[in-house]
Amino acid sequence: MTIQSTQRTQRQHVAKPRPTVQKKQVTKKAKGYISKVDLANLPKGMNPKLAEKVRKIGLTTDKSLQPGYPKPGTTHCNEAAQKYAKQFGYDGFKGLNADKMNKLMSNPKSGWHKVTEAEAIQAAKDGKMAFASVPASKGHAHGHIAAVTGEYAPGVAGISQAGSDNYEFGTWRRETPSFFVRD
Amino acid sequence: MWPGTEAYEDSTATLDEDAPADEVDELDDGPVDDGAQLCADESEIDPHILHLIREVEDPVGYEKFERKAPPTLPQPDRARSVPNLPKVKSSAFKRILR
């Protein structure tokens with residue numbers, strides 16, 4: 001009895017260890033995003049013109065846009081959105097955080113229109129500026145915003161964002177967002 | 001069972017190889033895409049943009065402000081200029097009061 005239980009314990013000990021690096025790779029793959037796309041061989045649903053604009057933001061190269069800069073807990077979705085919008089000649093996001101950007105776009109007088117996810121995807125396919133966005137809420141202290149740059153999977157908006165992770169093409173990870181396009 | 005074996009089993013129980021990847025990541029990194037952001041002071045934001053934001057933040061307050069009629073104040077100058085008002089001299093009043 002005593003010998004059997006000891007053998008069982010030893011078997012468990014042998015089976016448990018798992019390399020940490022391997023776990024991290026599985027996690028990234030499960031979330032589904034591409035940190036830096038290959039501009040010569042883009043993901044199927046990503047608009048090529050928008051991909052070039054995304055690249056110019058510097059999501060993976062600009063030190064000031066990396067999560068945790070200049071201090072832990074800081075992210076830069078609003079700055080990335082501002083840089084992206086500026087390439088369309090729009091400067092209305094200047095100095096705003098994501099929560100205020102959401103509120104601005106929610107005002108019909110601002111020139112932004114609330115659309116469905118399908119319409120936002122179509123706008124991105126047409127090369128237009130479109131965003132996914134949520135305001136701050138009870139569950140989240142901060143809002144979030146990301147550019148819609150294509151269709152990641154059928155019916156699922158492909159987004160480009162700075163956040164806890166910066167990536168050039170992936171999917172939205174927060175609560176269900178609103179989608180906006182501009183005139 | 002040998003002394004200490006039970007405690008050893010408990011300590012290994014927290015390692016779960018079969019935990020879903022997303023769940024593991026949530027524990028590692030905390031909530032996603034909910035970080036603090038650098039932004040400008042409100043005094044540096046375009047006033048028109050700020051106005052549009054305020055309209056959404058406080059629609060009731062702005063509706064009241066926009067619909068509120070200006071206070072109607074008496075306009076003595078206009079009253080004086082109305083023609084054909086009877087002019088009564090102060091001496092006439094005094095006579096009547098007597």
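**Note on a predicted two-chain model**

1. From the N terminus on, chain B runs α-α-α-α-α-α. Its secondary structure comes to 6 helices and 0 strands. Helices (H or I, at least four residues) and strands (E, at least two) are DSSP runs, numbered from the N terminus. Buried residues make up 10% of the 98 residues in chain B. A residue is buried if 20 or more other C-beta atoms lie within 10 Å of its own, exposed if 12 or fewer, and partly exposed in between, with C-beta atoms placed from the backbone.

2. The model is predicted: local features need pLDDT of at least 70, side-chain atom pairs count only at pLDDT 80 or more, and totals for chains, interfaces and linings use all residues. Residues are numbered from 1 along each chain as its sequence is written, while chains are lettered from A and ligands numbered from 1 in the order in which they are written.

3. Chain A has an open sheet of 7 strands, in the order 1-6-5-4-3-7-2, with antiparallel pairing. Two strands pair if DSSP finds at least two bridges between them. Strand 1 (33-34) and strand 2 (112-115) of chain A are the edges, each pairing on one side only. Strand 1 of chain A pairs with strand 6 (residues 167-170) of chain A over 2 bridges, in the antiparallel sense. Here Tyr33(A) stands opposite Gly170(A).

4. Helix 4 (residues 77-86) of chain A packs on this sheet. It touches strand 3 (130-134), strand 4 and strand 5 (156-161) of chain A. Its direction makes about 65 degrees with that of strand 4 of chain A. Angles run from 0 to 180 degrees between N-to-C directions, and axes are lines fitted to C-alpha atoms, for helices over the stretch in contact.

5. Look at Ala146(A), in strand 4 (residues 144-153) of chain A. Ala146(A) counts as buried because it has 30 C-beta neighbours inside 10 Å. Leaving aside neighbours within four places in sequence, its contacts include Cys77(A), Phe131(A) and Trp172(A). Two residues are in contact if their C-beta atoms, placed from the backbone, lie within 7 Å.

6. Now the two chains together. Helix 5 (residues 98-106) of chain A and helix 3 (residues 47-57) of chain B pack at about 85 degrees, with their axes 8 Å apart. Helix 5 of chain A is therefore roughly perpendicular to helix 3 of chain B. Angles under 35 degrees count as roughly parallel, over 145 as roughly antiparallel, 65 to 115 as roughly perpendicular and the rest as oblique. Among the residues making the contact are Leu104(A) and Ile53(B).
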